[in-house]
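Biologist: Before I use any of the terms, I would like to know what stands behind each one. Please put the value next to the rule every time.

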Amino acid sequence: MINQFQFNNVSLQLNRYPATANDNLQAWDAADEHLLQHIDEQAAHQPILIVNDSFGALLCSIKQQFADCQISWLSDAKTSVLGCQQNLANNQLSDAHIEWLTPAQTPAMTPALVLLKLPKNLNYFIEQLRQLSQWLAPATQLLIGAKAKNINQALLNTIESHFGSASASLAWKKTRVISAVFDGKRRAPLADQRWQTDTGIKLIGLANVFAATKLDIGARLMLDNYPQGQFNQVVDLGCGNGVLGMQAALSYPDAQIHFVDDSFEAVQSAQMGWQANRLDEARGQFHWDDCLSHLPAEIEVDLVLCNPPFHQGEAITDHIAWQMFMDAKKRLAVGGMLQVVGNRHLGYHVKLKRLFGNCQTAASNNKFVILRSVKA
Ligand SMILES: C[S@@+](CC[C@H](N)C(=O)[O-])C[C@H]1O[C@@H](n2cnc3c(N)ncnc32)[C@H](O)[C@@H]1O
C-alpha cells in the first residue's frame, strides 16, 4: 500500500485502519489534497470543524502545518477515529486542541470554517447539513471536497435548501471543492425512519444506517434460519439497525445480546429499536467498535450472527468480513457458532473452512447462502 503523503510542505505517513495488504487502497484521496489547498495560516487561526475525514489526512496535514489550530473532528465511523488517532501518533503529532465528536455531539466552540468530505449516503449528507445549520454563525464557510463526477446541479440545490448558497470550483485531479455559505436559517433534525418487519419487530433507522428503511434481503434469509439451541451470549456483529440481534432476543429468551457496529448511528439505531420493542434493558449491550476489538474479555460468546459488509467507504473490499470472522473465532467459546449470511459469489465458504476447519451450508436461495462454522 502507498502510504507516503506529500503535499505542498506536508509530509506524512498515512495508513488505513485496519491496515490492508491491498495496494489499490490508500488512506487519502485527491479531494483531501484539493480541500487542503484552501487552508492557509489565516484560516487555521480560528476553530475548524472537520467532518468525514476517513483516516485523518485532513487533520494530520493541518496539525503538521499549524500545531496550535483548534480542531473539532466529527465522524460516524469508529475505524476512522482509530485510524486518525493512529496516524497522528505515527507522525508524532500531538492530539492537544482536538475535540473528538460523534454525530450525536455538538462542538464546544463555534467553528469559523468547516471542511467536509462528501459522504456516499446522500441522506446522511442532508442530516449533516441540517446539523451544521444548528451550530454555525450566519455566513460561515463550508468547504465540501468530492470527486467531480459526484457533483452536479441537483447536489448544489440540495446544499442550498438545507444550508445555504453553494458553488463548485474548477476540477483538479478529477475532484472539485464546493464552497457554501451558511444562510443563517436553523433547520430541524431529520426525522428517524420507523418501520417494522412482517414479524412485528420495530426498527428505527438514523440517516447513516445500512438498510435504514427496509429489511436487507440477506438479513431476511438469516431471520428465517436461526440455529436451534440454548445460547447465552449472542453477538450481532455489524448490527446496522439491530434486526438480527432483536430477533435473537426473541428466539433465545435467556440470552444476553451484544450489538456491535463501526457506525455510531447504527449502534444508536439498534439501541432505539431495542427500547421501541420494550426488550429488557439488562439483556442488551451496545458497542461502537471495530469488529470485536474492545468487547470485554470476560464475555464468553456462544453465537455470533453476521451479515458482513463488502465495502469500506467507497472501497469494495472483503478485509472487514475476514476480520469479523477472525474476531468471532477468537471470541467464541469452544463449541460456539458463527453464522454468516453472504452473497453466493463472495466465497465466504472457503474463508470459513480455512479458518474454522469446518463450514456447513444451513440454507440458500438463488442469491444468498447461510453458512455455519463451529469453533473446535
Ligand atoms: C451488510 S450490513 C448488515 C447490517 C445488519 N446486520 C443487517 O443485517 O441489516 C454490515 C454492517 O457492518 C458494519 N461494519 C462495517 N465495518 C465494520 C467494522 N469494522 N466493525 C463493525 N461493524 C462494521 C456496517 O456499518 C453495517 O452496519
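Biologist: What percentage of the 376 residues in the chain is buried?

Modeller: Buried residues account for 57% of the 376. This is a predicted model, in which local features need pLDDT of at least 70, side-chain atom pairs count only at pLDDT 80 or more, and totals for chains, interfaces and linings use all residues. Residues are numbered from 1 along each chain as its sequence is written, and side-chain values use heavy atoms, with hydrogens and water left out.

Biologist: Why is His 287 called buried?

Modeller: Buried means under 20% relative accessible area, exposed means over 50%, and partly exposed lies in between (1.4 Å probe, protein chains only). His 287 has 14% relative accessibility, so this residue counts as buried. His 287 belongs to strand β14, residues 284-288; strands (E, at least two residues) and helices (H or I, at least four) are DSSP runs, numbered from the N terminus.

Biologist: Which residues does His 287 touch, not counting those up to four places away in sequence?

Modeller: His 258, Phe 259, Val 260, Asp 261, Val 267, Leu 295 and Pro 296. Contact means heavy atoms within 4.5 Å.

Biologist: Why does Asp 254 count as exposed?

Modeller: The relative accessibility of Asp 254 is 57%, so the residue counts as exposed. Asp 254 sits in the loop between α7 (243-251) and β13 (256-261). Beyond its neighbours within four places in sequence, Asp 254 contacts Gln 230, Asn 232 and Arg 283.

Biologist: How many helices and strands does the chain have, and what makes the chain as compact as a globular protein of that length?

Modeller: There are 10 helices and 20 strands. The radius of gyration is 22 Å, close to the 21 Å from the globule rule for 376 residues, so the chain is as compact as a globular protein of that length. The radius is taken over C-alpha atoms, and the rule is 2.2 Å times the number of residues to the power 0.38.

Biologist: How do you know that β7 and β9 pair, and in which sense?

Modeller: Two strands pair if DSSP finds at least two bridges between them. Strands β7 (residues 141-147) and β9 (residues 175-181) have 7 bridges, in the antiparallel sense.

Biologist: Which sense does the pairing of β8 with β9 take?

Modeller: Strand β8 (residues 166-168) pairs with β9 in the antiparallel sense over 3 bridges. Ser 167 has Ser 179 in β9 as its bridge partner. The hairpin of β8 and β9 has 6 residues between the strands, and Lys 173 there takes a positive phi near 45 degrees.
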